[in-house]
Amino acid sequence: RAADGTTEDREVEPWGLVSRRGWWYLVAFDVARQAERVFRLSRVVGDVEVVGPAGAVTRPANLDLATAVAGVQPPAPTGTAQVRVRAGSCAGLRREVRSATPVGDDWEELQVPYADPARLAGTVAQYGPDAVVVGPEEVRDAVVRHLTGVAEGGA
């Protein structure tokens, strides 16, 4: 899935995975473009089909995976989610918070910037009942998808 939301099938020869600034990337050879490419894993949608025998693809000897993704910038936030959290909890979620407003005695509502609803959903879900997405709908829906996948044994 591209940044604009369009999707396209890709045939790649995977060379390796790299984590950079909290995002996972696939470094691969894109067969159609005949070039090295870097793909953010959170944008991979649909089923992945393995073609060919194991070990058929080898990474070029001179390729440094970390260098391949060094120039990739994490996406800039495109929205702000309202996430209600128990007071004093969810420290990791609070790192990027724009504001926090008390809601009753035990809760706060955080304004959390995000670029990828699915990534934020995974972060929120890890706090269990201590974090609830109030809005927007795309983030709430992403949390439901994430938790459904976990319940079904797929995430």
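The model is a predicted one, in which local features need pLDDT of at least 70 and side-chain atom pairs count only at pLDDT 80 or more, while totals for chains, interfaces and linings use all residues. Residues are numbered from 1 along each chain as its sequence is written, and side-chain values use heavy atoms, with hydrogens and water left out.

Move to β6 (107-114). Because 6 of its 8 residues are buried, β6 is largely enclosed by the rest of the structure; buried means under 20% relative accessible area, exposed over 50%, and partly exposed in between, with a 1.4 Å probe and protein chains only. β6 pairs with β4 in the antiparallel sense over 8 bridges. To follow this pairing, select Val 85, which stands opposite Glu 108 in β6, and then Ala 81, whose bridge partner in β6 is Val 112.

The antiparallel pairing of β5 and β6 extends over 5 bridges, and here Thr 101 has Glu 109 of β6 as its bridge partner. The hairpin of β5 and β6 has 3 residues between the strands, and in it Gly 104 takes a positive phi near 70°.

**The helices on this sheet**

Centre the view on Pro 136, in the loop between β7 and α3. The peptide bond from Gly 135 to Pro 136 is cis, with omega near 0°. Most residues other than glycine have a negative phi, and most peptide bonds are trans.

**The loop between β4 and β5**

Select Ser 89, in the loop between β4 (79-86) and β5 (99-103). Ser 89 counts as buried because its relative accessibility is 14%. Leaving aside residues up to four places away in sequence, Ser 89 touches Arg 94 and Asp 130. Cys 90 is found in this loop between β4 and β5 and has a positive phi of about 60° although it is not a glycine. Cys 90 is buried, with a relative accessible area of 5%.

**The three-stranded sheet**

Now select the open sheet of 3 strands, ordered β1-β2-β3 with antiparallel pairing. Its edges are β1 (12-20) and β3 (35-40), each with a single partner strand, so one side of each is left without a neighbour in the sheet. The twist averages 25° from one strand to the next. β1 and strand β2 (residues 23-30) pair in the antiparallel sense over 8 bridges; Gly 16 stands opposite Val 27 in β2.

Continue to Gln 34, in the loop between β2 and β3. Its phi is near 50°, a positive value in a residue other than glycine. Gln 34 is exposed, with a relative accessible area of 55%.

**The pockets**

Finally, show the largest pocket, which holds about 1,300 Å³ of space. On a 1 Å grid over the protein atoms alone, a pocket is an open set of points where a 1.4 Å probe fits, with protein on both sides within 12 Å along at least five of seven lines, and lining residues have an atom within 4 Å of a point. Grid points are joined across faces, edges and corners, and a volume is the space filled by probe spheres set on the points. Of its 36 lining residues, the closest to the centre are Arg 10, Glu 11, Val 12, Leu 26 and Val 44. β1, β2 and β3 each supply at least two residues of this lining.

The second largest pocket has a volume of about 530 Å³. Of the 19 residues that line it, Trp 23, Glu 96, Pro 113, Arg 119 and Thr 123 are the closest to its centre. β6 and α2 are the elements that give two or more residues to this lining.

How values were computed. Helices (H or I, at least four residues) and strands (E, at least two) are DSSP runs, numbered from the N terminus. Contact means heavy atoms within 4.5 Å. Two strands pair if DSSP finds at least two bridges between them. Axes are lines fitted to C-alpha atoms, for helices over the stretch in contact, and angles run from 0 to 180 degrees between N-to-C directions.
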